[in-house]
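Below are some notes for a colleague who has not looked at this structure before.

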Amino acid sequence: MTITDYFNLLWTDYTLRTITLGTAVLGAICGMLGSFAVLRKQSLLGDAISHAALPGIAVAFLITGAKDSNTLLLGALVSGLLGTFWIRGIITKTHLKTDTALGLILSLFFGFGMLLLTFIQKQPNANQAGLDKYLFGQAATLVESDVILMVVVTGISLLILLLFWKEFKILLFDADYTKTLGFNTKFIDTLITFFIVLAIVLGLQTVGVVLMSAMLLAPAAAARQWTNRLSTMIFIAAIFGAFSGVFGTAISASQNNLSTGPVIVLVASVFVLVSFVFSPGRGLLFKQIRFLQNRRDLKLQKTLQFMYDIVSTHDNISHPHAIRILNNFQGFTKKTLQQLEEKKWITLSGQQWSMTQKGFNKAENLYNQSDTND
Amino acid sequence: MQNPTYAIQVDDLTVAYNYKPVLWDIDLHVPEGVLMAIVGPNGAGKSTLIKAILGILDPIAGSVSIYGKPYEKQRKQVAYVPQKGSVDWDFPTTALDVVMMGTYGQLGWIKRPSTKEKKASLEALEKVGMLAFKSRQISQLSGGQQQRVFLARALVQNASIYFMDEPFQGVDATTEIAIINILKELRKAGKTVVVVHHDLQTVPEYFDWVTFLNVKKIATGPVKEIFNDDNLTKTYGINYKVAVNK
């Protein structure tokens, strides 16, 4: 199957449509909530939470003996939240730093989860097969009810986001200040964290414990490159996430033996890479171009400044001067003169140049910071 | 025993990090309408004092009242300018947006700022001379400009008492003068301003009230009466005048 076949099949094939919709919605909610994690500098929290969710899945299976995905996700949610509170507790109650707390809880919970998984696999119960799909995810197992659940959760978190937009924003920027304004920062914080945990748990089935944090971080990190507005950033992150889901599913469906989760994560990483290089404001490419441009402009301005010093000794600023007198000036070339003329800062006639009013004003305000770029 | 004539009254305030007291049994009575500097060496607990008063830190003991009522009931009377370095200036937002945050407390939960709040924020930006930079992404502001934005955010709160944590740190002379003029204006309007300050040379020029702090409160009162060698030596542990004139 080629990618075109895939997109044609999308309209007719029920399973494919369900999976695509599921990964798209998942990408969107992860991008949206991942923006908060990135801006709070809690990027690794997602990784710890997703790993912490594993024992919950195993315990839920051991208790119920059924592989109903909602039950397992409930178990994942409980142990994910438990892990989060432990991390919080360690950070506030001990001298340990955040990274240590995250690392500790991540490996502790993941180790315990793996232990339970191997234990379950040794059980004489045919039902246990496939529980390890939560390690790396298996989008193919998504059914309509899973997708409906994702849509509902995304809808609720969007609603909460719009409702508490102002509170989320100020907490992200300046938590101490938020407290002095009388807001219950613990409540806002818990609300954000709860929805991040929820998004992670929803993604486990598709992307898996190990790669889940990339779903959260990659679209947000990419989106930050394109905008300086929080709302736009969250919107772009959701779009990037959704597209990663769709393209990832398309690529993995059109090739044999490519599991969906890793492909989605790789597509999201491509978004990050492209954004880091090509985004206009913060991208590496444009930064380099601006750097070169600035260097060229500075050269021009230096010449202009030199001319200004000559011109300002005369009453009439457009009084013509010989080009010859510039010869002693370092960094001056014929090209510089042409560029200055193109900018209408000077006029040239024969072997003489004279400054224009525009050039004079420019030179006068060259080192004045309030002068905006022309 | 609450004396309502004090703008800020702190009683028996004690704060500790990991069993080590950072502030020890602080009593502080600040009258209304003064411009007060808190001075003391590094680690004296100056920022901690402000944070404990504002409820950002939980004190082990002590109480804070504002105009004779518990602080929790008087939050709207109090504005705070944190240290500039306490936030991430690469956050995706504009100068105006940051100033608007000053109106969030008055608005309360959920309600969004309207044109009225926007107008007030623009006025505050103008007051600190930053109106031209209103749409600027905050990372593209200089240190002094960022400090002015923080000041504008506090001004828009329209409070009676202002707490500022080292507002002059890392700003140039122009900004320092601009800020101190605004603070003096606030005092003229009857507001009380408390500033954590590091430059002892400028204390007599800028402030009319001073608190010497070094874990314990050394002294508090009018600059004219208590800003002397005796208190400086007690606070800094060296003969300050001799050390400076060396």
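1. A salt bridge here is a side-chain nitrogen of Lys or Arg within 4 Å of a carboxyl oxygen of Asp or Glu. By that rule B:Lys234 and B:Asp230 form a salt bridge, with 3.8 Å between the closest N and O atoms. Both residues sit in helix 9 (residues 229–236) of chain B, four residues apart, about one turn of the helix. B:Lys234 is exposed at 51% relative accessible area, and B:Asp230 is partly exposed at 46%.

2. The model is predicted. Over all chains, it holds twelve salt bridges. Side chains of opposite charge can pair when their charged atoms come close.

3. One of the salt bridges joins A:Asp189 to A:Arg88, the closest N and O atoms being 3.0 Å apart. A:Asp189 belongs to helix 11 (residues 185–207) of chain A and A:Arg88 to helix 5 (residues 69–93) of chain A, so the pair ties together parts that are 101 residues apart in sequence. A:Asp189 is buried, with a relative accessible area of 15%, whereas A:Arg88 is partly exposed at 24%. A:Arg40 also takes part, in a network of salt bridges with A:Arg88 and A:Asp189.

4. Which residue of chain B forms a salt bridge with A:Arg282? The partner is B:Asp90, and the closest N and O atoms are 2.8 Å apart. A:Arg282 lies in the loop between helix 14 (260–278) and helix 15 of chain A, and B:Asp90 in the loop between strand 6 (78–81) and helix 2 (95–100) of chain B, so the pair joins two chains. A:Arg282 is partly exposed, with a relative accessible area of 23%; B:Asp90 is partly exposed too, at 27%.

5. On the surface, A:Arg295, A:Lys299, A:Lys302 and A:Lys335 gather in a patch of positive charge. Helix 15 (residues 284–311) of chain A gives the most to this patch, with three residues. A:Arg295 is in helix 15 of chain A and counts as exposed, at 52% relative accessibility.

6. A nonpolar surface patch of about 590 Å² includes A:Ile3, A:Phe235 and A:Leu258. Its largest share, five residues, comes from helix 13 (residues 230–254) of chain A. A:Phe235 is placed in helix 13 of chain A. Because its relative accessibility is 55%, A:Phe235 counts as exposed.

7. An unreviewed UniProt entry lists several stretches of chain A as "transmembrane region", including residues 230–251 and 263–286. In the model, residues 230–251 of chain A are 100% helix and 0% strand, with the end C-alpha atoms 31 Å apart. For residues 263–286 of chain A the values are 79% helix, 0% strand and 29 Å.

How values were computed:
Residues numbered from 1 in each chain as written. Chains lettered and ligands numbered in written order. Predicted model: local features only at pLDDT ≥ 70, side-chain atom pairs only at ≥ 80, totals over all residues. Heavy atoms only, no water. Patch = residues over 30% accessible without salt bridge, like charges linked within 9 Å, V, L, I, M, F, W, Y side chains within 5 Å. Areas by Shrake-Rupley, 256 points an atom, 1.4 Å probe, with all protein chains shown as cover. Lys, Arg positive; Asp, Glu negative; His and termini not counted. Charge placed at Lys NZ, Arg CZ, Asp CG, Glu CD. Buried < 20%, exposed > 50% of the residue type's maximum accessible area, 1.4 Å probe, protein only. UniProt positions renumbered as here; feature names shortened; annotations may be inferred.
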